[in-house]
Amino acid sequence: MATTIIPFGPQHPVLPEPIHLTLKLEDEIVIEAIPALGYVHRGLEKLADIRDYHQMIYVVERVCGICSMIHAVCYSQGIEELMEIEIPKRAEMLRVIWSELHRMHSHLLWLGLFADAFGFEALFMQFWKIRERIMDINEATTGSRVIVSVNVIGGVRADLSPDQIRWILSEIDGVEKDVSALQDTIMNDYSVKHRTVGIGVLTKEQAYELGAAGPMLRGSGVAQDMRMLGYGGYSEIDFEPIVETAGDCWARSTVRFREVLQSIDLVRQAISKLPEGDLAVKVKGNPPEGEIYTRVEQPRGECVYYIRANGTKHLDRLRIRTPTFANIPPMLTVLPGCELADVPVIVLSIDPCISCTER
Amino acid sequence: MFGSFIKKSRAKSPWIIHFDCGSCNGCDIEVLACLTPLYDIERFGIINVGNPKHADVLLVTGTVNHRNKKVLKNIYDQMSEPKAVIAIGACGNTGGVFRECYNVVGGIDKVIPVDVYVPGCPAKPEAIIDGVVVGLGKFAQKVEEAK
């Protein structure tokens, strides 16, 4: 049969970001997908040469706007470990609170986009309506909606007052109520299931072999969550990774949906365990010569930072490996054999964050 | 009579297309937030479309780099006249925090003419809506001049 070649992207209605896939089709069935990346490559790792290690926080927050807080946490943890700085317990817990708020807003954003990918616009609007409440919390507590910029080396620069804590608790109660009301639609609705169940199945072995990360991996039945390493304040918080076993688009969306509810619980736990104390310690000098490897759990999966310092205020090398980069090979494995109409759903189900991937 | 009808509806109900040109996503999700219930720019008759041939206004976020400058130019060229371009965020205006990166050419205006610059890193939805409203004024002027 003759092969048709269809370009998907870089500008495509379903994608908020540019990625290009060359799809080879036989009839309606995809037989091969060839990715082309680099549309968002800026080369920001190289900025470590001209910005000092404090200013680099500002840069790493802009690796990706959606999970900016967690990038900054990962970077500051690395530098703090290298310089042997012990940060105050209150700062650790505050980082957990803002990280989990970021995870909630990222997952709600994705759930909306995913609903839009299969044409359920009303659900898209509902999820984004709920998300605005979390953006309000970010804005009220830090001054910015998306890139919150609360991390500094040695702690955080903003605090939560008792009034704000009461307000946050009442807001996330509302978020929990609203999100739970949509549970039946995203998990059990007939037309939603028709578009997601059995589409893009990634088996447990494949997910592990190909090095999938985050909800993609947990959706295939591997219980791996970097937060279980107990970095920062997570050592004092009690939770289990959320796992689904089906490995299809439905499982991946269900993992993310349940993680929103889990994050609400984690914010509550972190607030209940929030100790009194300072926000940050004073940092003197430059990072000593040496290298460090840190990893954290982003909304999209495991994020790894490699930092090499040479004793000056500039870093020798900063290397960032992001979860979407790890999730592209599994995506290319599940695309062949699917129908053309399912391509947007499968591509979105990995939660592609191209600006993370290409930096 | 038909011509004046088209002229009026063009400025009253502009269709926008959004292109992410190497931004960090911060501005993109704020552009999308404009479409959702809290801000809801559809009340101004604005609809987000995916096809450049249908669009009147181009919203661009992020810096231009050596790989996507051709894509940006291509999308701009595919839009039919009259058209307006709105650059969103510090990166779109000047290159912002990434201006010194090796792969970055600079702001959007290095490649295509820009009508409105919206500042912010990331630009807030209120600022984007304000920018779109200013852009619509310029767009209406262009529609007027086109005939």
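## Burial and model basis

A residue is called buried if 20 or more other C-beta atoms lie within 10 Å of its own, exposed if 12 or fewer do, and partly exposed in between, with C-beta atoms placed from the backbone. By this definition, buried residues make up 49% of the 147 residues in chain B. In chain A, 51% of the 359 residues count as buried.

The model is predicted: local features need pLDDT of at least 70 and side-chain atom pairs count only at pLDDT 80 or more, while totals for chains, interfaces and linings use all residues. Residues are numbered from 1 along each chain as its sequence is written, and chains are lettered from A and ligands numbered from 1 in the order in which they are written.

## Chain A overall

Chain A has 12 helices and 8 strands; helices (H or I, at least four residues) and strands (E, at least two) are DSSP runs, numbered from the N terminus. Its radius of gyration is 21 Å, close to the 21 Å that the globule rule gives for 359 residues, so chain A is as compact as a globular protein of that length. The radius is taken over C-alpha atoms, and the rule is 2.2 Å times the number of residues to the power 0.38.

The C-alpha trace of chain A spans about 70 × 45 × 35 Å along its principal axes. Two residues are in contact if their C-beta atoms, placed from the backbone, lie within 7 Å. Of the contacts in chain A with a separation of 6 or more, 70% are between residues 24 or more positions apart.

## Helix α2 of chain A

Helix α2(A) covers residues 68-82, 15 residues in all, and reaches 21 Å from its first C-alpha to its last. That is close to the 21 Å expected at 1.5 Å a residue, where the expected span is 1.5 Å times one less than the number of residues. The helix is largely enclosed by the rest of the structure, because 14 of its 15 residues are buried. A:Glu84, which follows α2(A), has a positive phi near 55°.

## Antiparallel strands of chain A

Strands β6 (residues 290-298) and β7 (residues 301-309) of chain A pair in the antiparallel sense over 9 bridges; two strands pair if DSSP finds at least two bridges between them. They form a hairpin with 2 residues between them. A:Val296 stands opposite A:Cys303 in β7(A).

β7(A) is also joined to strand β8 (residues 315-321) of chain A, by 6 bridges, and these two run antiparallel. Here A:Tyr305 stands opposite A:Ile320 in β8(A). The hairpin of β7(A) and β8(A) has 5 residues between the strands, and in it A:Gly311 takes a positive phi near 90°.

## Chain B fold

Chain B contains 5 helices and 7 strands. From the N terminus, its elements follow the order α-β-α-β-β-β-α-β-α-β-β-α. Its radius of gyration is 15 Å, which agrees with the value near 15 Å for a compact globule of 147 residues. The C-alpha trace of chain B spans about 55 × 35 × 20 Å along its principal axes. Of its contacts between residues at least 6 apart in sequence, 80% join residues at least 24 apart.

In chain B, 5 strands form an open sheet with parallel pairing, in the order β2-β1-β3-β5-β7. The edge strands, each pairing on one side only, are β2 (47-48) and β7 (116-118) of chain B. Strand β5(B), residues 84-88, pairs with β7(B) in the parallel sense over 3 bridges, and B:Ile86 has B:Val116 in β7(B) as its bridge partner. Helix α2(B) packs on the sheet and touches β1, β2, β3 (57-61) and β5 of chain B; its direction makes about 140° with that of β3(B). The angle is taken between N-to-C directions and runs from 0 to 180 degrees; axes are lines fitted to C-alpha atoms, for helices over the stretch in contact.

## Interface between the chains

In the interface, 31 residues of chain B are in contact with 34 residues of chain A. β1 (15-20), α2 (26-35) and α3 (69-78) of chain B each supply at least two residues of the side that touches chain A. α2(B) gives the most, with 6 residues. The residues on this side of chain B divide into 15 nonpolar, 10 polar and 6 charged. Ala, Val, Leu, Ile, Met, Phe, Trp, Tyr, Cys and Pro count as nonpolar, Asp, Glu, Lys and Arg as charged, and the others, Gly among them, as polar.

A:Gly38 lies in the loop between β3 (29-36) and α1 (55-60) of chain A. A:Gly38 is partly exposed, with 18 other C-beta atoms within 10 Å. Leaving aside neighbours within four places in sequence, A:Gly38 is in contact with A:Glu358 and B:Arg67. A:Gly38 and A:Thr357 are 319 residues apart in sequence and 8.9 Å apart in space, C-alpha to C-alpha.
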